[in-house]
Amino acid sequence: MAEVLVYVDHVDGAVRKPTLELLTLARRIGEPVAVALGSGAENTAAVLAEHGAVKVLTHDAAEYADYLVVPKVDALQAAYEAVSAGGSLAAVLVPSSAEGKEIAARLAIRIGSGIITDAVDLEAGDEGPVATQSAFAASFTTKSRVSKGTPVITVKPNSAAVQAAPAAGAVEALAVSFSEKATGTKVTARTPREATGRPELTEAAIVVSGGRGVNGAENFSVIENLADSLGAAVGASRAAVDAGWYPHSNQVGQTGKSVSPQLYIASGISGAIQHRAGMQTSKTIVAINKDAEAPIFDLVDYGVVGDLFEVVPQLTDEIKSRKG
């Protein structure tokens with residue numbers, strides 16, 4: 001069976017959920033070979049093996065932390081060449097983060113292959129892996145495959161359920177030679193993200209977002225309380241962010257972050273096309289809005305016409321009571 005390279009997104013050896021989802025998808029088209037780079041790379045092996053990695057290629061060097069992107073591209077190219085030389089390679093899968101998409105694009109150019117970004121599903125095809133994407137603000141669903149070279153595919157978080165499938169997970173050291181361009185852009189400072197105790201927005205299974213209808217930064221606690229009762233991430237529309245009510249890092253939409261959770265709750269959001277572009281692939285969508293004609297209701301699975309300041313607190317209380 002052909003092998004599938006899976007780029008590992010981890011923090012000091014703690015593997016992030018989108019990588020485990022990639023392993024689930026990779027098993028549909030071949031045998032997953034994980035590539036873990038940087039500090040703690042060897043510590044990822046046990047988790048990766050538990051979720052289907054037959055091999056784990058690791059490499060650690062200061063360049064991964066000190067410089068942007070290119071050292072990781074060099075390493076992934078080295079993994080591509082090593083695996084290709086030893087047998088058949090079905091695809092290279094990368095998490096669809098901002099950094100992931102840059103790594104994937106640079107790799108595709110280097111190896112002369114086609115690239116598919118922001119896939120939401122993956123399946124085996126007669127002529128190679130077939131990826132499903134949402135196009136034009138999720139108005140259309142497309143299926144496509146790469147027709148040149150080894151497919152390089154980035155996959156959005158929450159595109160597949162994480163499934164354990166124990167495999168060998170044999171750890172092998174990856175030989176990497178950094179290019180001259182690897183040290184072209186140096187990281188000069190880092191500021192740790194403020195901890196909120198909530199899931200990362202793009203990876204969360206549940207997202208609760210507030211918009212113009214929240215009517216002020218002081219009222220976002222209503223949205224946060226509902227999110228906390230569900231163990232959800234908090235999002236915001238562009239209108240709320242532009243008004244200074246919530247940080248841009250939480251903005252969902254075309255000019256913010258794209259999310260695809262199992263459940264998306266939109267409170268006080270009209271449903272402008274730029275917001276829909278960032279959340280329309282959510283599995284289940286619930287909207288709360290006092291305007292029965294709001295465009296968001298054309299999109300939802302469940303809609304509540306009512307004042308969010310009455311509906312949301314009642315919903316929060318009900319959830320807490322059911323949790324006991």
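**View 1. Where domain 1 meets domain 2.** In this predicted model, six residues of domain 1 are in contact (heavy atoms within 4.5 Å) with ten residues of domain 2. The bounds, 3-173 for domain 1 and 206-323 for domain 2, come from an automatic or database domain assignment. Taken over C-alpha atoms, the two centres sit 31 Å apart. Together the domains bury about 620 Å², with 52% of that on carbon and sulfur atoms; buried area here is the accessible area (1.4 Å probe) that two parts lose on being put together, summed over both. On the domain 1 side, the residues touching domain 2 split into three nonpolar, two polar and one charged. How many salt bridges cross the interface of domain 1 and domain 2? Zero by the rule used, which asks for a side-chain nitrogen of Lys or Arg within 4 Å of a carboxyl oxygen of Asp or Glu.

A word on the ground rules: residues are numbered from 1 along each chain as its sequence is written, and side-chain values use heavy atoms, with hydrogens and water left out. As this is a predicted model, local features need pLDDT of at least 70 and side-chain atom pairs count only at pLDDT 80 or more, while totals for chains, interfaces and linings use all residues.

View 2. Ten of the 13 residues of α1 (17-29) are buried, meaning under 20% relative accessible area, with exposed over 50% and partly exposed in between (1.4 Å probe, protein chains only). Helices (H or I, at least four residues) and strands (E, at least two) are DSSP runs, numbered from the N terminus. Among the buried ones are Leu22, Leu23 and Ala26, and these three also turn up in the contacts of Val6, a residue of strand β1 (residues 3-7). Val6 has 0% relative accessibility, so it counts as buried. Glu21, another α1 residue, counts as buried because its relative accessibility is 3%. Beyond four places in sequence, Glu21 touches Lys156, Pro157, Asn158, Ser159, Ala160 and Val162.

**View 3. Glu203 and Arg16.** This salt bridge has an N to O distance of 2.5 Å. Glu203 sits in the loop between β11 (170-173) and β12 (206-210) and Arg16 in the loop between β3 (14-15) and α1, so the pair ties together parts 187 residues apart in sequence. Glu203 is buried at 16%; Arg16 is partly exposed at 25%. Asp9 joins these two in a network of salt bridges.

**View 4. Two further bridges from the β11-β12 loop.** Arg198 pairs with Asp228, the closest N and O atoms being 2.7 Å apart. Arg198 is in the loop between β11 and β12 and Asp228 in helix α6 (residues 220-230), 30 residues apart. Glu200 bridges to Lys257 at 3.6 Å between the closest N and O atoms. Lys257 lies in the loop between α7 (238-242) and β14 (263-267) and Glu200 in the loop between β11 and β12, so parts 57 residues apart in sequence are tied together.

Technical notes: Ala, Val, Leu, Ile, Met, Phe, Trp, Tyr, Cys and Pro count as nonpolar, Asp, Glu, Lys and Arg as charged, and the others, Gly among them, as polar.
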